[in-house]
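Me: I have a structure to go through with you. Please answer my questions on it one at a time.

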Amino acid sequence: MPKASAGPEIERLIQLLARLPGLGPRSARRAALHLVKKREQLLGPLADATRAAAERIVTCSVCGNIDTSDPCAICSDQERDPRIIVVVEDVADLWALERAGVLNARYHVLGGVLSPLDGIGPDDLNITGLVGRAAEGGVEEIIIALNATVDGQTTAHYLTDSLRHLPVKITRLAHGVPVGGELDYLDEGTLGAALRSRTAF
Amino acid sequence: MVEGVPVEQAPVGGGFPRARVVRLGLTDFRSYDTLSITTDAPLVALSGDNGAGKTNILEALSLFTPGRGLRRAELGRMLRHGATGFSVFAALDRGGCEPAVNLGVGLQPDPEGGRATRLCRIDGDTVSSPAAFAEYLRLVWLTPDLDALFRGPAGDRRRFLDRLVLAVDSGHGSRVAALERATRSRNRLLEEGARDPRWLDAVEREIAELGIAVAVARAETVTRLAGLIARARNNDSPFPDAGLALEGETDALVVQHPALEAEDVYRERLRNERGRDRAAGRTLFGPQASDLVVRHAPKDIPAGEASTGEQKALLIGLVLAHAGLVRSMTGHAPIVLLDEVAAHLDTARRAALYRLLADIGGQVWMTGADPALFADLPEGSLHLAIAGGTASPRI
Ligand SMILES: [Zn+2]
């Protein structure tokens with residue numbers, strides 16, 4: 001371990017920043033320095049925003065989205081079409097689809113995909129919640145928007161099987177999602193096209 | 001499954017966009033500190049002592065396609081001693097009609113000290129994977145470790161075949177990798193005694209879709225390659241024709257049934273064989289059990305029973321036929337890398353090889369220890385002496 005070159009408060013800030021995805025120790029130092037220099041404009045407001053988020057953030061009990069209210073803003077939005085549910089792996093995918101802006105539907109966040117090699121099974125995912133929502137009535141279509149990876153597609157097969165007994169149309173994203181493609185990395189045009197040309201499972 | 005319509009009867013040579021590496025630059029790659037080769041030759045011969053670094057140059061070129069290159073080495077192993085990153089640069093001339101393009105591939109160190117990453121660039125822009133290079137060039141290679149191909153294990157022939165498929169169908173690599181992951185997932189579920197049969201059903205559905213796609217892609221390539229060999233039959237060629245066939249239950253399945261039906265049969269078999277596969281600790285049915293069966297056609301014997309010299313000639317003939325197939329199916333006359341091939345051929349056979357290579361119309365990079373091997377290169381070729389980390393023209 002190199003010797004600390006700043007006071008404990010700044011070192012703590014650097015250590016925490018270094019745990020963020022995409023930030024290593026070096027860029028964490030740079031970010032910390034930037035924050036410290038912009039104390040008024042950035043560090044203070046960031047601290048306030050972080051505290052507010054930490055106090056208020058909840059997981060939506062309906063769809064699994066992360067927001068500051070439960071049900072989340074999307075689930076409470078009366079303007080959204082209640083007949084369509086889009087199933088995604090995690091919140092990042094939900095955000096990607098919202099950015100593409102082609103759907104006015106509600107979501108269901110699974111919290112991962114089935115992966116025997118990583119020890120993730122059906123009980124680790126929010127599948128029961130999805131089947132429950134679909135069984136409540138009023139839902140006509142479930143769009144499975146999972147990544148085109150082996151695990152994503154296997155999970156799609158599993159969900160199709162689990163929903164088969166219900167009078168719900170099940171569709172999936174069509175063309176334009178490459179094998180191994182991750183939704184979060186697709187541009188909005190490609191995502192939009194994939195959604196519009198979805199096909200029945 | 002395949003990209004492009006075959007242009008079987010197109011004119012030889014001039015009718016295809018050619019890709020020629022006119023400048024190759026290596027930095028911190030294997031034995032090279034820096035190396036720059038500038039050429040417009042259709043054939044580049046590299047001679048020098050064993051260990052001088054000839055094959056390293058071919059390996060650098062082979063990185064412009066998905067996978068680990070012609071030695072199948074980890075990228076980290078390609079670093080020059082003491083370096084933390086390497087780069088390979090290739091300027092491609094694509095004939096008169098298409099603009100030239102600059103390609104780069106390298107291993108980039110992580111400034112935070114994490115894992116180094118493969119970086120692929122086209123004209124200065126980063127692309128997500130080496131599959132993107134397929135738009136500009138295709139590569140075909142023959143290396144000495146394929147010498148035992150016909151006598152060795154079936155797994156080597158499957159890997160050889162999958163490379164042949166990949167050169168005409170750039171999605172094949174990710175398809176094979178996905179099948180492998182799905183199969184490992186099933187093996188794991190069987191081993192753990194899956195509590196949820198629906199989960200196993202889902203994995204098997206995915207395996208069946210991928211497995212049939214792999215088998216169909218292989219069958220298409222083998223059929224087209226066999227057809228091309230039959231049409232080009234020439235009994236005077238020093239490189240005998242290969243008879244090709246795919247042998248395996250999955251291969252028979254895609255011949256007997258349309259793809260969707262084949263998937264159903266496949267799933268049924270996986271379901272019925274769970275007990276057997278659990279006991280075996282692996283999945284027995286599938287394209288992972290197929291073999292590429294090669295025969296020495298003129299003698300009508302299995303390739304593995306031919307003499308060592310005949311096997312080498314057969315393999316060269318197969319690789320040349322494949323290069324022709326790549327050209328007719330993708331529209332790219334490929335860049336052909338021939339490692340230590342010349343030494344196996346007498347003067348007449350070498351001359352025949354040069355003629356056949358010129359007919360394909362791409363660019364050839366070949367190696368050999370003895371400079372005398374390349375004394376009879378065709379006009380316009382470049383012969384470089386490789387020694388002490390440098391390349392200098394032989395006069
Ligand atoms: Zn919600």
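The questions and answers below concern a predicted model.

Me: How many helices and how many strands are there in chain A?
Reply: Chain A has 201 residues, of which buried residues make up 28%. Among its contacts between residues at least 6 apart in sequence, 54% join residues at least 24 apart. The count for chain A is 8 helices and 7 strands.

Me: Which helix gives the most to the side of chain B that touches chain A?
Reply: In the contact between the chains, 22 residues of chain B meet 18 residues of chain A. Helix H3 (172-192) and helix H4 (197-231) of chain B each supply at least two residues of that side of chain B. By class, the side has 7 nonpolar, 5 polar and 10 charged residues. The helix that gives the most, with 9 residues, is H3(B).

Me: Are H2(B) and H8(B) roughly parallel or roughly perpendicular to each other?
Reply: The axes of helix H2 (residues 154-168) and helix H8 (residues 308-330), both of chain B, come within 9 Å and cross at roughly 30 degrees. Angles under 35 degrees count as roughly parallel. H2(B) and H8(B) are therefore roughly parallel.

Me: How many nonpolar, polar and charged residues does the contact of H2(B) with H8(B) have?
Reply: From H2(B) come Leu164(B), Ala167(B) and Val168(B), and they meet His322(B), Leu325(B), Val326(B), Met329(B) and Thr330(B) in H8(B). By class, the contact of H2(B) with H8(B) has 6 nonpolar, 2 polar and no charged residues.

Me: How are H2(B) and H4(B) set to each other, roughly parallel or roughly perpendicular?
Reply: Leu161(B), Leu164(B), Val165(B) and Val168(B) in H2(B) meet Ala217(B), Arg218(B) and Thr221(B) in H4(B). The residues of this contact divide into 5 nonpolar, 1 polar and 1 charged. The two axes come within 9 Å and cross at roughly 85 degrees. H2(B) and H4(B) are therefore roughly perpendicular.

Me: Which residues of S3(B) point one way, and which the other way?
Reply: In strand S3 (residues 43-47) of chain B, 5 of the 5 residues are buried, so the strand is largely enclosed by the rest of the structure. In a regular strand the side chains alternate between the two faces of the sheet. In S3(B), Val44(B) and Leu46(B) point one way, and the other way point Leu43(B), Ala45(B) and Ser47(B).

Me: Which residue in S14(B) stands opposite Ser47(B)?
Reply: S3(B) pairs in the parallel sense with strand S13 (residues 363-368) of chain B over 5 bridges, and there the bridge partner of Ala45(B) is Met366(B). S3(B) also pairs in the parallel sense with strand S14 (residues 382-387) of chain B, over 4 bridges. In S14(B), the residue opposite Ser47(B) is Ala385(B).

Me: How many residues of helix H1 (residues 54-62) of chain B are buried?
Reply: The buried residues of H1(B) include Lys54(B) and Glu59(B), and also Ile57(B), Leu58(B) and Leu61(B). The helix is mostly covered, and the number of buried residues is 9 of 9.

Conventions. Residues are numbered from 1 along each chain as its sequence is written. Chains are lettered from A and ligands numbered from 1 in the order in which they are written. This is a predicted model: local features need pLDDT of at least 70, side-chain atom pairs count only at pLDDT 80 or more; totals for chains, interfaces and linings use all residues. Axes are lines fitted to C-alpha atoms, for helices over the stretch in contact, and angles run from 0 to 180 degrees between N-to-C directions. Angles under 35 degrees count as roughly parallel, over 145 as roughly antiparallel, 65 to 115 as roughly perpendicular and the rest as oblique. Two residues are in contact if their C-beta atoms, placed from the backbone, lie within 7 Å. Ala, Val, Leu, Ile, Met, Phe, Trp, Tyr, Cys and Pro count as nonpolar, Asp, Glu, Lys and Arg as charged, and the others, Gly among them, as polar. A residue is buried if 20 or more other C-beta atoms lie within 10 Å of its own, exposed if 12 or fewer, and partly exposed in between; C-beta atoms are placed from the backbone. Two strands pair if DSSP finds at least two bridges between them.
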